[in-house]
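Me: I would like a close look at a single part of this model, followed by whatever else can be said about its surroundings in the chain.
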Amino acid sequence: MLQAIGLSKVFSEPARSLRDIFNKEARRFYALRDVSVQIGEEEVLGIVGESGCGKSTLARTVARIYTPDKGRIIFMGKDITHLNNRELFDARRRMQIIFQNPYSSLNPRRRVSDIIGDPLRLHGLYEESAISEALRAVGLDETYAKRYPHQLSGGERQRVAIARALALRPSLMIADEITSSLDVSTQMRILELLKRIKNEYRLSMMFISHDLAVVNYMSDRVAVMYAGEIVEEGPSHEIINNPLHPYTQALIESVPDPRKGWRPRVKEVEGDHVSPGCRFAPRCPYAFEKCYAMRPTLTQYNNSRKVACFLHQ
Ligand code: SF4
């Protein structure tokens, strides 16, 4: 369904001093560095990592909201890396992205019927019944069509965002932290809903979250991201039960357990953006000399797993 090959995306931090203005190179940072992922038909790939690790940049880059600086994106057999907006029209219908914040992703001046109906009209797919069908699919009745976003709860808004995406009959759905602004009970209901529609509509999915337990619940495979790179990838149950990369181990250990108390094993320091070595080295409890000199690449560990760590290469 989707193949991203060696994606890199570089941003520039804003200049904070006169010297910064002339030193463009020092302000550049890699939001994505040589990231490759693939998602099969009806497969869910989970992307997990802490805030700022590049998960959302990856979502926006594969959806071609951003254009990658390097690499290729193949979607349904077609290279969409450098297509312009007009050429991307059909791919954008088939690849729908749902954003984290349901409060800002819906136009407050439009009724739910227009929020769902406008994209359908744009793609020439509008039918009167499509609105109620999409609402029903996400567990809302027809009366919601007349409401405005401010008349909905957070969970209902996220359901409307899912209905809008679903109405376009996508093949791939990208869910970018869609439950993180919701309370716990609503989160669970949205996850159940997503699982159900994934099966009913036979969707492929990229599911992004900072919460490893949620990603494990939703995904067939998991890719762990750190500082713009994928550091470990494999079947979700294997990653949870036997994490190989020290960062994945730290992610799992960071889930607080009231019986054991909580002592973080990794140091809280800023990632080293310019070091030639492993980007996790400043925080890694196992770092040795080679880790500061060379960057480990994502390497096949066994038939199903890949890891980027010298401890396993
Ligand atoms: Fe730690 Fe070295 Fe592995 Fe990086 S390569 S995660 S620093 S042991």
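How many of the 14 residues of H7 are buried?

Reply: This is a predicted model, in which local features need pLDDT of at least 70 and side-chain atom pairs count only at pLDDT 80 or more, while totals for chains, interfaces and linings use all residues. Residues are numbered from 1 along each chain as its sequence is written, and side-chain values use heavy atoms, leaving out hydrogens and water.

In H7, 13 of the 14 residues are buried (under 20% relative accessible area, with a 1.4 Å probe and protein chains only), so this helix is largely enclosed by the rest of the structure. H7 is followed by Arg 169, whose phi is positive, near 55°.

Elsewhere, the axes (lines fitted to C-alpha atoms over the stretch in contact, with angles from 0 to 180 degrees between N-to-C directions) of H5, residues 112-122, and H6, residues 128-137, come within 10 Å and cross at roughly 115°. That makes H5 roughly perpendicular (65 to 115 degrees) to H6. Val 112, Ser 113, Ile 116, Gly 117 and Leu 120 of H5 make the contact (heavy atoms within 4.5 Å) with Ala 130, Ile 131, Ala 134 and Leu 135 of H6.

Pro 285 lies in the loop between helix H11 (246-253) and helix H12 (289-293). Although Pro 285 and Tyr 247 are 38 residues apart in sequence, their C-alpha atoms are 9.8 Å apart in space.

Methods: Helix = DSSP H or I, 4+ residues; strand = E, 2+ residues; numbered from the N terminus. Parallel < 35°, antiparallel > 145°, perpendicular 65-115°, else oblique. Buried < 20%, exposed > 50% of the residue type's maximum accessible area, 1.4 Å probe, protein only.
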